[in-house]
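Student: Can we go through this structure together? I'd like to start with how one chain is built.
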Amino acid sequence: MEALAPPVSGLRRTRHRLDRLGDRTLLALTALAALVALITIALIIWQVAQAAWPAIRHSGIAFVWHSTWNPVTDVYGAREYVLGTLITSFGALLIAAPLSITIGLFLSELAPAAIRGPIGSLIDMLAAVPSVVIGLWGIYVMSPFIVQNIEPWLHSWFGFIPIFGPAYPAGVFPAMLVLAIMATPITSSICRELFVSVPRELEEAAIGLGATRWEMIKGVVVPQVKGGVVAAIILGLGRALGEAIAVTQVIGNGIPLKLSIFQPGVTLASQLANQYSSSISPLFTASLLYLALILLLITFAANLAAQRIVHRFERQRTN
Amino acid sequence: MVAAALVAIAVLAIVVGSVLVRALPALNLDFFTQGPALFGQNGGGIAPAIVGTLMLVAIAAAISVPIGVLSAIYVSEFAPKHIASQVRLWLDVLNGFPSIVIGIFVFALAIKTKLPILDIGHHQSAWAGGYALSIIMLPLISRTTMEVLALVPNHLREGSYALGISKWRTVLSIVLPSAISGIVTGTTLAVARAAGETAPLLFTCSFASQAVSWNPSQPVSSIPFTIFSYSESPSPDQHAQAWAAAFILIAFVLVTSLGARALLDRSRRRLGQV
């Protein structure tokens, strides 16, 4: 090639400058947009914390384990709500996790290839149903059915365990079911992708050594994706923790929490959804925002941990 | 194992079926064209809510589509690998934020500000509700756009560079148009999600008037919030209207989700063949 390039004419130089300017402008614009998306996260946490600050200064960290929430005497504590959130979400997980894992296994290993697509789409459609519709259905269709048929049966067989008390129209148990319905599509779709990502050679090697299909699933597929499945469950948990509308419609808003899961209860999110129209005192609003901050921190931590694991699996798969 | 998948599908069928059955008595022309009836009377409709939801979704899309598409272009065309994976991670984390906390965040912002133009701040408004919905839509639009941009074959870009076209021209005139149908379907999916969200609107746009309002500086009625408040009311007529509104919402959400996903698959296949 020539050692020196021929001198660039005036028009081409302008064109080069315009091109570089355009490149830099587009880079700056798009990088700014990406930054906006990231800054929003920090902004949300900071703003909620700032608005909750009067309550944090007033009640301190003891807010988390004080159980009184009394707007009349201006005394606030988050314990019932935190406990309620943990109990409903944990119960929802107990139902949703096994269900989602089996659905994921079914769609990746056992279903005939032709129906995998349609069934996967149907389950994704369940995720698309708005939560207020699930809540509406929960109040007028699911809850009456559960209260009239399932709860008395459970109470008659297992009533000696205090958590299975007498049936009651609104309660923690319907809320657990509703949350399980909402968490299952997310968890099952991630599980399905994880199971599909196990290399065929490993599976075929196991079968070649004489393993049955179940032994192959148990010995090869499951150990490979154990961490990812845990992450998928935590992501479903994150969905359940933050759900406000459907839960507040069926849970009955009962404080303090009782031992029986058929009695009404509360969660952080349901309290926020219930009190949106009240504004009793500045400390009340700040305490409400303190509740929101606790909910935000819990879901943020759960989501971040789970997403890091899921992304690591994705990177392993594409590498 | 088959039972597990059948349970999930059965739940979907039962929910859709119940909504359909219970919505029929209340679905009439009045429902779509009139406002709510006076207190204690039957009849009336949810016209203000339909208008309100349209406004909220339009505002949300106007904010989230540019930012979502631009950030996706950054991740797919400009960003080095480690920054790109960080942006994707944090967008997924944002996706998992509880929607009620996002509404409370906008509420906390609004208490403090008062913009003299547009009359934003200190009170609920459609702007506030739209902004909250845009935060929910942003990760969805961005991720889908990233996906379709990654599917645009590299030889299109390389051919363009070989012809001497600068990077920004390549992105805007070659890469983006190939991906446009995927971007549109991603936006449609995000719109379907935002149209059904209630929790962000509780704190930002719920004290609405009973008449059709096109003023974004004031709170507007919305379909999901109407379902929410009617579901807890003592009037059976309002219950029937709640089911009918739920039917509209479910029909819109399911039809757009199905259609958008089918279009996305089709554009994936077409891009793969180029």
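Tutor: From the N terminus on, chain A runs α-α-α-α-α-α-α-α-α-α. Helices (H or I, at least four residues) and strands (E, at least two) are DSSP runs, numbered from the N terminus. This is a predicted model: local features need pLDDT of at least 70, side-chain atom pairs count only at pLDDT 80 or more, and totals for chains, interfaces and linings use all residues. Residues are numbered from 1 along each chain as its sequence is written, while chains are lettered from A and ligands numbered from 1 in the order in which they are written.

Student: How many helices and strands in chain A, then?
Tutor: Chain A has 10 helices and zero strands.

Student: What box do the C-alpha atoms of chain A fill?
Tutor: Roughly 90 × 65 × 35 Å, along the principal axes.

Student: Why is D265(B) called partly exposed?
Tutor: Because D265(B) has 13 other C-beta atoms within 10 Å. A residue is buried if 20 or more other C-beta atoms, placed from the backbone, lie within 10 Å of its own, exposed if 12 or fewer, and partly exposed in between.
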